[in-house]
Amino acid sequence: MMKQAEVVVVETALVAPSKETPGQPLWLSNLDLAVPRTHTPLVYYYPAAPEQLQGQGAAAAGTGSFAPDRLKAALAGALVPFYPLAGRLGAGPDGRLQIDCSGEGALFVVARADLTGEEIFEDYEPSPEIRRAFVPSAQPGEASCPMAMFQVTFLKCGGVVLGTGIHHAVMDGVGAFQFIQTWAGLASGLDAAEACGPVPFHDRTLLRARRPPCPTFDHFVYSPAFLSGRPRPFVTRVFPVSPKLLADLKSRCGAGVSTYCAVTAHLWRCVCVARGAAPGADTRLGLPANVRHRLSPPLPRSFFGNAVVRDLVTARVGDLLGSPLGSVAETIKRAVDGVGDAFVRSVLDYLELELAKKRGDDDSSRAASEQLVPASDLWAVSWLGMPMYSADFGSGAPRFVAPAQMFGVGTAYMTPCANRDDDITVIFSMEAEHIDCFEKVFYGE
């Protein structure tokens, strides 16, 4: 756990796109409007490059791959194809939120900390303290707030922490990692075409609701009643999943079951045991699904926006714990596979009707910074397969990438590990009184 230390800001700037960019407002889809109205905070840790080890803290001199001027120039270039990130949230004539593509720029902060990478990341736990130290923040609903905020913090060991805060209304995880990869590529010397790859596709009107809206599925997960609980204290832990444990879980699930389904099935059962859930009680699993390839026709591969829909799987606790792991994983797989074009169109229509009900109201529930997942449930998010560790600014890939802060109890992120294709990590937030029991059950102790 990170010791208390002062982080000193030495520079703050707004970085605008390096070229003129489109200025028309960007319409936001119902999926963009259904996410928490806040910035998603991540930290990337880059240990000192070999040439810096002889003089500890050499990175702070502003030279090398993370020289602030170099990063700002690359950021200005990356904001050209990703120009919505240089805009601000606004409202259209009908009051609907949109992105005003004003080109005002992204926030860029340079800081120094009297800490080493080991002190921060050896027993890393996402927390409000980590976010305050390494990721710029803004008050929810702040009208003039930048859509993207970045902080590069130079450590006394010569390492660097890059903190990123990108507003969730602009993009999902796929888009966020695409942008960071582009920025890193430009900083490392690639030309724009090499760094960016396919030009980002910004038009979200492909995700308009039908007229009239006609939802054909139940979407309780989007209902105001689902996330209407009270905030609960929680702690966050990082649980490594070794190749041995992963192989054991997948072998118990049979052929054709993905890593996500196998690990999520195990997580769900462990959560119920740790919480001491009654056998006759219901428990629900929240499943986010990337729908870029699930629509007919599919969205462009370079679609830059929110393209994730949510679904729920409900089970009786006794049935969940009494069934083989493979049976639970198969239930999850069927739910994920069931998210197709008809389901997505139904979600868009349902959200359209919900927005119509709230028109004229202050929709503060979506602006909340915490996901109020019910105490009986689990929310399982997968970042497996995403290029989290491809952000090489010129001195190598990051050693560690993770959320800086979790926004709700009962939420789990599955992430890959640096330089290890067969290892994954589960970052999980849970009530403090249950977390030790969860750990024992998770590792079969």
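**Exercise 1. The two domains**

Find how far apart the centres of domain 1 and domain 2 lie, taken over C-alpha atoms, and state how many residues each domain gives to the contact.

*Solution.* Begin with the division of the chain, which in this predicted model gives domain 1 as residues 7–207 and domain 2 as residues 222–443. The centres of these two domains, taken over C-alpha atoms, are separated by 24 Å. The contact between them takes 62 residues from domain 1 and 52 residues from domain 2.

**Exercise 2. A helix and its cover**

Decide why helix H2 can be called largely enclosed by the rest of the structure, and name elements that cover its buried residues.

*Solution.* Helix H2 spans residues 68–78, and because 8 of its 11 residues are buried, the helix is largely enclosed by the rest of the structure. The buried residues are Pro-68, Leu-71, Lys-72, Ala-74, Leu-75, Ala-76, Gly-77 and Ala-78. What covers them includes strand E1 (7–15), strand E6 (106–113) and strand E7 (148–155), together with helix H5 (173–187).

**Exercise 3. Arg-204**

Determine whether Arg-204 is buried or exposed, and find the side chain with which its own side chain makes a polar contact.

*Solution.* First locate the residue, which is found in the loop between helix H6 (192–196) and strand E9 (235–241). The relative accessible area of Arg-204 is 1%, and because the limit for a buried residue is under 20%, Arg-204 counts as buried. Its side chain makes a polar contact with the side chain of Asp-32, at 2.9 Å. Beyond residues up to four places away in sequence, the residues that Arg-204 touches include Leu-26, Trp-27, Ala-169, Val-170, Phe-303 and Phe-304.

**Exercise 4. Aromatic pairs**

Describe how the rings of Phe-177 and Trp-383 are arranged, and then compare the burial of Phe-442 with that of Tyr-443.

*Solution.* The count of aromatic pairs comes to 23. In the pair of Phe-177 and Trp-383, the centres are 5.5 Å apart and the planes make an angle of 85 degrees, an arrangement that is edge-to-face. This pair links distant parts of the chain, for Phe-177 belongs to helix H5, whereas Trp-383 belongs to the loop between strand E12 (378–382) and strand E13 (400–403), 206 residues apart. Phe-177 is buried at 3% relative accessibility, and Trp-383 is buried as well, with a relative accessible area of 9%.

Phe-442 and Tyr-443 also form an edge-to-face pair, with 5.1 Å from centre to centre and 80 degrees between the planes. Here Phe-442 is buried, with a relative accessible area of 1%, whereas Tyr-443 is partly exposed, with a value of 31%.

**Exercise 5. Cis peptide bonds**

Identify which residues are joined by a cis peptide bond at Pro-212 and at Pro-297, and place each proline in the chain.

*Solution.* The peptide bond from Arg-211 to Pro-212 is cis, with omega near -5 degrees, and Pro-212 has its place in the loop between H6 and E9. The other cis peptide bond joins Ser-296 and Pro-297, with omega about -5 degrees, and Pro-297 lies in the loop between strand E10 (282–290) and strand E11 (308–316). For comparison, most peptide bonds are trans.

**Exercise 6. Trp-268**

Find how many residues separate Trp-268 and Leu-378 in sequence, and how far apart they are in space.

*Solution.* Trp-268 has its place in helix H8 (residues 259–275) and is buried, with a relative accessible area of 1%. Although Trp-268 and Leu-378 are 110 residues apart in sequence, they are 6.6 Å apart in space, C-alpha to C-alpha. Leu-378 is one of the residues that Trp-268 touches beyond four places in sequence, and others include Thr-283, Val-313 and Ile-332.

Note on methods
Residues are numbered from 1 along each chain as its sequence is written. This is a predicted model: local features need pLDDT of at least 70, side-chain atom pairs count only at pLDDT 80 or more; totals for chains, interfaces and linings use all residues. Side-chain values use heavy atoms; hydrogens and water are left out. Buried means under 20% relative accessible area, exposed over 50%, partly exposed in between (1.4 Å probe, protein chains only). Helices (H or I, at least four residues) and strands (E, at least two) are DSSP runs, numbered from the N terminus. Contact means heavy atoms within 4.5 Å. A polar contact is a pair of N or O atoms within 3.5 Å; within protein, one must be able to donate a hydrogen and the other to accept it, and residues adjacent in sequence count only if both atoms are side-chain atoms. Rings of Phe, Tyr and Trp (its six-membered ring) pair if their centres lie within 6.5 Å; planes under 30 degrees apart count as stacked, over 60 as edge-to-face and the rest as tilted. Domain bounds come from an automatic or database domain assignment.
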